[in-house]
Amino acid sequence: MAILVTGGVGYIGSHTVLALLKRGDEVIVLDNLSNSSLVALKRVETLAGKKVVFYQGDILDRSCLQQIFAQHTIDSVIHFAGLKAVGESVVKPLSYYQNNVTGSLVLLEEMRHAGVKNIIFSSSATVYGMVDVVPITENAPVGGTTNPYGTSKLMVEQILQDFVRAEPDYTVITLRYFNPVGAHESGLIGEDPNGIPNNLLPYISQVAVGKLTELAIFGDDYPTKDGTGVRDYIHVMDLAQGHLNALDALKNHQGFSAYNLGTGIGYSVLEMIKSFEKVSGKAIPYRIAPRREGDIAECWSDPSLAEKKLGWKATRDLTAMMQDTWNWQSNNVNGYASE
């Protein structure tokens, strides 16, 4: 029985596909390559010592999905595919709802037609909106999202809950990521954003290799340890392992379940800069800019439910996150385009 991984060539998807292959799972990858590179897939195959069955296609394309489900015996789907830039989602909301929400609906309908009854959904801590209590547990209220990206994730979660209520023989595990960072320890695969990075660590690492001149810190007057925003960062390989644990736990689950995947530790922007400087030996110039609308002072997870129910816990510390990011970026200055 195979596992279909949508968006399996992207940042988190490629690391998860590698982890699946290394433990011997049969994997089918579907990706439209809109925000990913086939170089990543080739490197995954090199690291795993195995070829991947790959379909270049879109979750909005019913005929493509029907072909995959007809040609392969698929037991479970890990659903990463979707657009993911918060800022872009504000400018292009219709694209985000079309890709993330409608695409998920099409996927679910074709899963139902094919009799595939297990799905792990790639969600986000953004579904919690503007939180005022940390750490965040899965019992925290969802909603109040501040951008179409977060709202699209929340909508899909609601669709999945309604779906399994109507179809109780289906099982859904949704994983709410906090802030994925890092890269595979080989330095062969990592985060390769299009254009200027939206996330902190890729931005820092591109400053370190000279692609960008300086980092803007949005606000240094928050009520935190050093005035800068505090977030929960998680190594992408720990995140990948979380999907393997969720796959293994599907047989013990019924209906809809949601889990936080984070470390439970918050680091400030300045702490991230200092840690990266220590690992890389590079100075990271920065300037203080005004706060961004919608940003909150601090946000980190309580990941204890995932440990209890999935047997999962993040094991890589901040130094490992920085070392693996620097190893990837310094050896791939222009990302996958370096090849």
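Where is the place of glutamine 66? Glutamine 66 sits in helix α3, which covers residues 62-71. Helices here are DSSP runs of H or I with at least four residues, strands are runs of E with at least two, and both are numbered from the N terminus. Before going further, a word on the model: it is predicted, so to speak of a local feature a pLDDT of at least 70 is needed, side-chain atom pairs count only at pLDDT 80 or more, and totals for chains, interfaces and linings use all residues. Residues are numbered from 1 along each chain as its sequence is written, and side-chain values use heavy atoms, with hydrogens and water left out.

Let's start with the whole chain. The protein chain holds 11 helices and 14 strands. Its radius of gyration is 19 Å, close to the 20 Å from the globule rule for 339 residues, so the chain is as compact as a globular protein of that length. That radius is taken over C-alpha atoms, and the rule is 2.2 Å times the number of residues to the power 0.38. Along the principal axes, the C-alpha atoms fill a box of roughly 55 × 45 × 40 Å.

Now for the inside and the surface. Of the 339 residues, 56% are buried; buried means under 20% relative accessible area, exposed means over 50%, and partly exposed lies in between, with a 1.4 Å probe and protein chains only. The chain exposes about 14,500 Å², and carbon and sulfur atoms supply 49% of that area. Accessible areas come from the Shrake-Rupley method with a 1.4 Å probe, and for residues only the protein chains shown count as cover. Among contacts with a separation of 6 or more, 80% join residues 24 or more positions apart, where contact means heavy atoms within 4.5 Å.

Turning to charge, there are 28 positive and 36 negative side chains, and the centres of the two sets lie 3 Å apart. Lys and Arg count as positive, Asp and Glu as negative, while His and the chain ends are not counted. Each charge is placed at NZ of Lys, CZ of Arg, CG of Asp or CD of Glu.

The UniProt record, an unreviewed entry, carries the annotation "domain: NAD(P)-binding" over residues 4-325. UniProt positions follow the numbering used here, feature names are shortened, and annotations may be inferred rather than shown by experiment. Over residues 4-325 the chain is 40% helix and 19% strand, and the end C-alpha atoms are 28 Å apart.

With that picture in mind, let's visit some residues. Glutamine 66 is partly exposed at 41% relative accessible area, and its C-alpha atom is 27 Å from that of lysine 22, 44 residues away along the chain. Serine 275, in helix α9 (residues 269-280), is buried at 15% relative accessibility. Leaving aside neighbours within four places in sequence, serine 275 is in contact with Leu318 and Met322.

Serine 124 belongs to strand β5 and is buried, at 8% relative accessibility. Beyond neighbours within four places in sequence, serine 124 is in contact with Tyr149, Lys153, Leu175, Arg176 and Tyr177. By contrast, glycine 210, in the loop between α7 (200-208) and β8 (215-218), is exposed at 58% relative accessibility.

Finally, the backbone deserves a look. Most residues other than glycine have a negative phi, and most peptide bonds are trans. Leucine 33 has a positive phi near 60 degrees; this residue lies in the loop between β2 (26-31) and α2 (38-48) and is buried, with a relative accessible area of 19%. Valine 134 and proline 135 are joined by a cis peptide bond with omega about 0 degrees, and proline 135 is in the loop between β5 (118-124) and α6 (148-166).
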